[in-house]
Amino acid sequence: MRILGIEGTAWAASAAVFETDTLSVSKARQDASADGVFETDDLADPSDDHVFIETDAYQPDSGGIHPREAAEHMGEQIPQVVETAIAHAEERAAADGTAAPIDAVAFSRGPGLGPCLRIVATAARAVAQRFDVPLVGVNHMVAHLEVGRHRSGFDSPVCLNASGANAHVLGYRNGRYRVLGETMDTGAGNAIDKFTRHVGWQHPGGPKVERHARDGEYHPLPYVVKGMDFSFSGIMSAAKQAVDEDVPVDDVCRGLEETIFGMLTEVSERALSLTGADELVLGGGVGQNERLQRMLGEMCEQRGADFHAPENRFLRDNAGMIAMLGAKMYAAGDTLAIADSAIDSNFRPDEVEVRWRGPAESVDRRGRVETEVQGAEATVTIEADRVVKARSPRSYRHPTLDERLRTERTRQEVRLTSEARRHGVPTPLVRDVDPEEARIVFQRVGSADLRESLTAESVGAVGEHLARIHDAGFVHGDPTTRNVRVGRRVAPPDERAGSARADGPRTGASREQRVFLIDFGLGYYTGEPEDHAMDLHVLAQSLAGTADDPEALFSAACDAYRAESGHADDVFASLADIEGRGRYQ
Ligand SMILES: C[C@@H](O)[C@H](NC(=O)OP(=O)(O)OC[C@H]1O[C@@H](n2cnc3c(N)ncnc32)[C@H](O)[C@@H]1O)C(=O)O
Ligand SMILES: Nc1ncnc2c1ncn2[C@@H]1O[C@H](COP(=O)(O)OP(=O)(O)OP(=O)(O)O)[C@@H](O)[C@H]1O
Ligand SMILES: [Fe+2]
């Protein structure tokens, strides 16, 4: 199969030809499910794919990307890169004797700058008509992560996308890519580029920051991770201020890399831990950064996961990834009529109905029985009646930042775990603490993580508990389905009358579950409705990553929250605001 791809969401006027035999993989799997025989040896290697990419980059004279100039660039360059790619496809077809040079045309449908996208879509429609082949509308963000999955051969990895206008962690489940965590403000590259504009360096800033960071000493900047979400705006203001106050620019660049990439690595590790996945792929232009790749590689190695970063030509915006995903979509019958091929400049990756992956595939690998849990931050050893949680050093992080995060979070976890209990929220008792070693001994609670016991009752209890701690003036910071333990409630003695065993069958309220909040390491004191709403947002995202009916469960949590909270209206107003934030400007 040979597919023509066209990309032009912002800066890269790009066209590509992707030719593959590997799509027989999914066909081989389907055949195997029919007759039960599946020979992996029969599969072609993705590195045997033939990929030709022709790109003309838009380079602003000064400042950042100007939408009008970018569109002018697309208008001038797209026809020419497309003709070059078509000529290449025709040569390939002549060489191997195929009648048609291409089987389909794939184009970036969004997200991106509207005027640029329209030029790309018009070009794609024209080529589809000229060769009388189907049109495939590709989500650019999903292409950024599928290219890594395809090249790595991984089954169902967690995907970190670090591009210019975006930054998010995703995993596939139940027919869609689920956003497990994302930036609450700008994209990773845009944040860096804003800083370099302030310093007076030419766009794009990423490679310059990388060069300068090599000679710099780490300069501390604010580190903001909330569950698997994160924010860059505070870091950027602090970085600009630092250069204005004569901190050497090389040191600020080093601080930026250590902080931003430390955060992206941490949230990736959280996503691996939440889902139980043991594969990570990287996508996006910022992914070309060597320090980021090293951090992710080191983190994965330490937890026994596999990591893959595709080559740079597939990381930055390129039509190769569009053609590659286009091929998968085409093979799955996912084509567009010209009349339905409108662009979507806010096209989110979780809106895409994924037809090229099987329903049985999932990033979520649950149900393993473990006595030692490799959490995102800590190793947790589970004993008969206690658990030992040790935040071991993370060698991917700068040692100063690592030391600070481990001690602060250990102290905070102990303080807030106890404080929540004082407000009537079930939490494990703290039996021992060693802040120097970042080690806590807790009472063992519950019989399963919430993700293995997802009912409206248990998720509702989480909503109620969150409302209580929020009214008490603090947040949990990471209320995912792994940070809640569920167990049968042990009835008080008077309810036990007539029952020989404390855990035997009983009636009424005594059969209720007890729902414990654990892992308060990211919690902090705050009365801001927006911070409280973030807890609910983190819960909603983790339900989307682990539950089959996330909406119903989340609404159970919201109902219980409303019933318990003294300021629910403000919190839900902020939540609507957080969820409605467009992040593709
Ligand atoms: C919607 C689409 O147009 C957009 N594409 C995009 O932003 O281009 P991309 O090629 O994925 O990423 C460009 C960004 O990647 C950064 N970048 C490039 N090389 C870098 C490096 N070595 N270190 C850090 N950042 C780097 C640039 O500074 C720039 O901000 C997106 O995918 O979000
Ligand atoms: N007190 C406890 N009782 C029973 N199980 C526990 C307890 N504390 C932790 N666990 C188990 O260990 C797992 C990891 O614990 P915890 O979330 O505290 O570590 P972590 O490294 O912070 O993980 P993450 O950051 O991925 O949430 C939990 O999901 C739970 O299964
Ligand atoms: Fe991109």
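1. Helices (H or I, at least four residues) and strands (E, at least two) are taken here as DSSP runs, numbered from the N terminus. The model is a predicted one, in which local features need pLDDT of at least 70 and side-chain atom pairs count only at pLDDT 80 or more, while totals for chains, interfaces and linings use all residues. Residues are numbered from 1 along each chain as its sequence is written, and chains are lettered from A and ligands numbered from 1 in the order in which they are written.

2. Four domains divide the chain: domain 1 (2–152 + 312–351), domain 2 (158–308), domain 3 (372–443) and domain 4 (448–580), with bounds that come from an automatic or database domain assignment. The centres of domain 1 and domain 2, taken over C-alpha atoms, are 26 Å apart, and their contact takes 20 residues from domain 1 and 21 residues from domain 2, two residues being in contact if their C-beta atoms, placed from the backbone, lie within 7 Å.

3. On the side of domain 1 that touches domain 2, α4 (140–152) and α10 (312–315) are the elements that give two or more residues, and α4 gives the most, with nine. That side holds nine nonpolar, six polar and five charged residues, where Ala, Val, Leu, Ile, Met, Phe, Trp, Tyr, Cys and Pro count as nonpolar, Asp, Glu, Lys and Arg as charged, and the others, Gly among them, as polar.

4. Ligand 1 is surrounded by 27 residues, the closest being S163, G164, G189, G206 and G285; a residue is near a molecule if its C-beta atom, placed from the backbone, lies within 6 Å of it. Domain 1 and domain 2 each supply at least three residues of this shell, and α5 (188–199) provides the largest share, four residues. By class, the shell around ligand 1 has 16 polar, seven nonpolar and four charged residues.

5. Around ligand 2 there are 23 residues, of which S273, G375, A376, A378 and D519 are the closest, and α8 (249–275), β14 (379–382) and β15 (386–390) are the elements that give two or more residues to the shell. Because domain 3 and domain 4 both give residues to this shell, ligand 2 lies between them.

6. In α16, the buried residues (20 or more other C-beta atoms within 10 Å of their own, C-beta atoms being placed from the backbone) are P550, L553, F554, A557, C558, A560 and Y561. The buried residues of α16 pack against α13 (456–471), α15 (529–546) and α17 (568–580), whereas E551, A552 and A563, on the other side of α16, are exposed, the cut-off for exposed being 12 or fewer.
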